[in-house]
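Welcome to this short tour! Have your viewer ready, and select each stop as we reach it.

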Amino acid sequence: MTKLFGTNGVRGVVNQDMNSELALNLGKAIGTYYAKKKERPFIAIGTDARISNHMLKSACISGLLSVGCNVEDLGILPTPTLQYAVKEKNYDAGVIITASHNPPQFNGIKVVDGDGTELAKEQEEEIEDIYFSKNFRIVSWDKVGQLSSWDGAIELYINGILSKVDVESIRSANLHVVLDCGNGAGGVVAPELLRRLGCKLTTINCELDGLFRGRPSEPIPENLGELMKKVKEVNADLGVAQDGDADRAIFIDENGNYVFGDQSLTMVARYIVREKGGGTVVTPVSTSSALEDVVTREGGKVVYTKVGSPIVARVMKKLGAVFGGEENGGLIFPEHQYCRDSAMTIAKVLEILSKEGKRLSEIIQELPRYELVKLKTACPNEKKEEVLEKIKDIAKNENARKIDETDGVKIYTDDGWVLVRPSGTEPIFRIFAESKERKRAEELASRYKSYVERFATGTS
Ligand code: MG
């Protein structure tokens, strides 16, 4: 069967693979799935700022209504804002129309469970089964759903965040923040949140623009040149960039330097574990060892998962973790909600700066530093399993200190690690290597890349 859901919902190029028929039938499938649990499910729906949102949202709403769901339209909002509303209000599920950081021609549909978390794989598979078999619920004319709208989700969400950080401490620090929402959905929340936290605010790309004309949506260094320059130019304390649906936040220090996602993850983890006097932090196997170094030092422990924020969130919930997140700026605060949340991340980082009384660059400098090298190489999907088995054999023969098979294979050496992982969505292997020395990380990554290449092309 064709797989519909990727690691982050269903995504594609609009009017090619992501079209109104798909949205309509997916709406019917989602509604049918939830109608198995309840006669008349109540579903919240929202979108990011893309220009195809109305087309897809309308189709999806139609599908949901046709199978007997009541739908409430929450308008344009960040993904975590919808998730928070679903958790806090009496919705049975939520649907967000977004393609996160992808270019503007993409869009996607993501389903959120009644507790605000992203769906587990098995739930997505059940919805896929309904979608492909077209086994949709049929209701009589007098049972079709009703549509309402609610504009209170943003206020509910901002108040939720303000209740979980030390607002007085942040206000008294008088921080100057340059905010770059990348023309994404973050623009309807983050400027208002920062104002309420008493920050002096300079904004760039904070107006909604479905074409992302300000900058590409992914908050990687090459897309944040303007923000880095602006932070220095206006002498700000820090800069913040969000991705298109505002679940991820990336920081710029007061000198205009990019703070990598695993550094902000480590910084926040240290603060939280120290504050709580220990606890479990959950992260995928691809995260820098800096996190474990710091968390262990503060009396906590790190649990590793497969790559993907829904998995991290679910393990966090199961273990009662104090914190978790990914190395791409997606941080998860369990007392707030079990999903990546950029606005909560921004508020927490401001709290850290205000409480520690240090500049962002000073705090980052206190953290352990590793060199991370990321490579990828092509491999046909049907050969992935075989290649992975051969890589495991090689690792065993290379005196690895430890081999971790949580996701792909992670080989710990005496001076670092290398992770060889087949992509879940593309015909490639990703190879991450980390060590204190750049050269060593490069050497590890390129060696394992050449192993994958050799096995993938069958020239072994
Ligand atoms: Mg995102």
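In this tour, "buried" means under 20% relative accessible area, "exposed" over 50%, and "partly exposed" in between, using a 1.4 Å probe and protein chains only. You are looking at a predicted model, where local features need pLDDT of at least 70, side-chain atom pairs count only at pLDDT 80 or more, and totals for chains, interfaces and linings use all residues. Residues are numbered from 1 along each chain as its sequence is written, and side-chain values use heavy atoms, with hydrogens and water left out.

Stop 1: Select C181, which is buried with a relative accessible area of 0%. How many disulfides (pairs of cysteine sulfur atoms within 2.5 Å) does a search of the whole structure find? The search finds 0. For C181, the nearest cysteine sulfur is that of C206, 3.3 Å away.

**Stop 2: the magnesium ion.** Which residues coordinate the magnesium ion? They are S100 (OG), D243 (OD), D245 (OD) and D247 (OD), at 2.0 to 2.2 Å. Donors here are N, O and S atoms within 2.8 Å of the metal (3.2 Å for Na, K and Ca); water is not among the atoms, so sites may look incomplete. Along the sequence, the donor residues follow the spacing S-x142-D-x1-D-x1-D. Select S100 and D245 together: both are buried.

**Stop 3: the domains.** Colour the protein chain by its bounds, which come from an automatic or database domain assignment: domain 1 (10-151), domain 2 (157-255), domain 3 (261-365) and domain 4 (371-457). Taken over C-alpha atoms, the centres of domain 2 and domain 4 are 35 Å apart.

Key:
Disulfide = S-S within 2.5 Å.
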